[in-house]
Amino acid sequence: MARFFKRRRNVVLLVIFAGLAVSFFIFQHSIGTHLRAVSILQRFSSPDSNGFFLRLVRHQVEIGESQNKDAPFHYRLYKPLGVTDPPGVVLLHGVHHLGIEDPRLVNFARAVAETGVVVMTPELQDLADYHITSATVNQIDAAVVFLSKEVNQGKVGVMGLSFAGSLALLAACDPQYADRIGFVLAIGSYDDLSRVSRFFATNTIEDPNGKTVPFAAHEYGVLILAYSHLEDFFSAQDVPIAREALRLWLWEKPEASRFAEQLSPAGRAEWELLLHHRDQLRQKFLDEIKLHQAEMEPVSPHGQLQGLKVPVFLLHASGDSVIPASETSWLERDVPQQDLKAVLISPALIHVNMAETVTLRQKWDVVHFLAQVVGGTDALR
């Protein structure tokens with residue numbers, strides 16, 4: 001009898017130890033992904049930060065420019081050192097003239113790469129010139145194919161900032177390339193470009209529940225809308241001057257106003273309205289949106305995500321005044337539910353930046369969301 005109880009005790013202990021081992025593995029994995037998520041956020045916000053625990057999950061990163069002549073675009077590659085068979089992620093910049101040189105993008109790319117991921121940032125020429133086109137969707141697909149070969153992995157992840165996140169979702173719908181995409185993370189992205197453009201023009205949000213809510217749009221959005229079709233605002237003679245002046249204004253260059261002085265009297269009057277009295281151009285903007293509806297539909301995820309078959313993560317700042325957070329609520333409806341892995345609309349973010357003052361709970365929500373993305377990156381191996 002004593003031998004029976006001893007044997008039974010040994011079996012019970014074996015089961016307990018096995019359970020503890022499994023629990024430790026799961027818990028350790030959870031700790032690891034969350035620590036890496038914290039590392040990404042901290043290094044993105046403060047590139048010089050170097051805490052003890054976060055050093056445990058960081059790797060040195062080698063940064064290189066385009067080296068492969070077969071690449072159909074300029075790109076930058078962030079490679080973690082000392083990592084065997086690292087997964088790969090294509091990180092897409094938003095509508096900004098600095099493109100892959102944008103310091104925020106550089107910080108984010110380096111922070112992600114430090115967690116053991118090869119990060120590629122392709123130069124998307126149209127987005128860098130403030131145009132949202134289907135050509136960028138094709139570039140994203142090409143970047144996915146290129147990076148998957150570069151890292152010798154069947155799939156790579158795609159992370160799109162702002163307008164690029166929406167185009168990444170469209171790229172993932174192409175059956176020719178979908179099997180190369182492991183997941184899509186869209187940060188601060190839109191569902192319907194026409195609806196976002198109406199937000200720029202009217203300072204009102206159209207939410208999925210049928211409500212129209214007043215909300216002040218950032219001037220950046222309406223200026224991008226005008227920049228796309230300056231012929232709707234200026235004479236043929238003034239268009240080249242207006243294009244250069246507005247480009248300089250978007251680049252925050254002081255010489256923009258001096259350049260605009262070369263416009264005709266009618267052009268200068270329109271310039272003043274565009275920059276300082278946009279409320280008087282509301283109907284003109286609405287007419288322009290209708291006029292170019294056919295151009296906006298192909299670059300809008302709305303109604304085009306039925307064929308999506310990749311995991312999707314959606315992140316948005318609740319107070320985003322460039323692309324309102326309601327657009328992620330629309331995307332949440334449009335993305336097939338079986339593919340929607342996580343959604344977070346948080347006051348801890350400002351467009352694609354971290355807010356300076358947030359609560360501990362808000363920080364945790366962002367960390368936990370990003371930890372799920374990190375887990376999705378691990379699954380690419």
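Reader: With which side chain does the side chain of Thr-133 make a polar contact?

Author: The model discussed here is predicted. Thr-133 touches Asp-126, Leu-167 and Val-299, with residues up to four places away in sequence left aside. The side chain of Thr-133 makes a polar contact, at 2.5 Å, with the side chain of Asp-126.

Reader: Is Thr-133 buried, partly exposed or exposed?

Author: Thr-133 is located in the loop between α4 (125-128) and α5 (134-150). Buried residues have under 20% relative accessible area and exposed ones over 50%. Because the relative accessibility of Thr-133 is 24%, this residue counts as partly exposed.

Reader: What separates the C-alpha atoms of Thr-133 and Ser-300?

Author: Along the chain, Thr-133 and Ser-300 are 167 residues apart.

Reader: Is α9 roughly parallel or roughly antiparallel to α11?

Author: The axes of helix α9 (residues 239-250) and helix α11 (residues 265-276) come within 12 Å and cross at roughly 25°. Angles under 35 degrees count as roughly parallel. Therefore α9 is, relative to α11, roughly parallel.

Reader: How do the residues of the contact of α9 with α11 divide into nonpolar, polar and charged?

Author: The crossing of these two helices, α9 and α11, is right-handed. From α9, Ala-242, Ala-245, Leu-246 and Trp-249 make the contact, and from α11, Trp-271, Leu-274, Leu-275 and His-276. The residues of this contact divide into seven nonpolar, one polar and no charged.

Technical notes. Residues numbered from 1 in each chain as written. Predicted model: local features only at pLDDT ≥ 70, side-chain atom pairs only at ≥ 80, totals over all residues. Heavy atoms only, no water. Axes fitted to C-alpha atoms, helices over the stretch in contact; angles between N-to-C directions. Helix = DSSP H or I, 4+ residues; strand = E, 2+ residues; numbered from the N terminus. Parallel < 35°, antiparallel > 145°, perpendicular 65-115°, else oblique. Left-handed = near helix turned anticlockwise from the far one by under 90°. Contact = heavy atoms within 4.5 Å. Nonpolar A, V, L, I, M, F, W, Y, C, P; charged D, E, K, R; others polar. Buried < 20%, exposed > 50% of the residue type's maximum accessible area, 1.4 Å probe, protein only. Polar contact = N/O pair within 3.5 Å; in protein donor to acceptor, adjacent residues only side chain to side chain.
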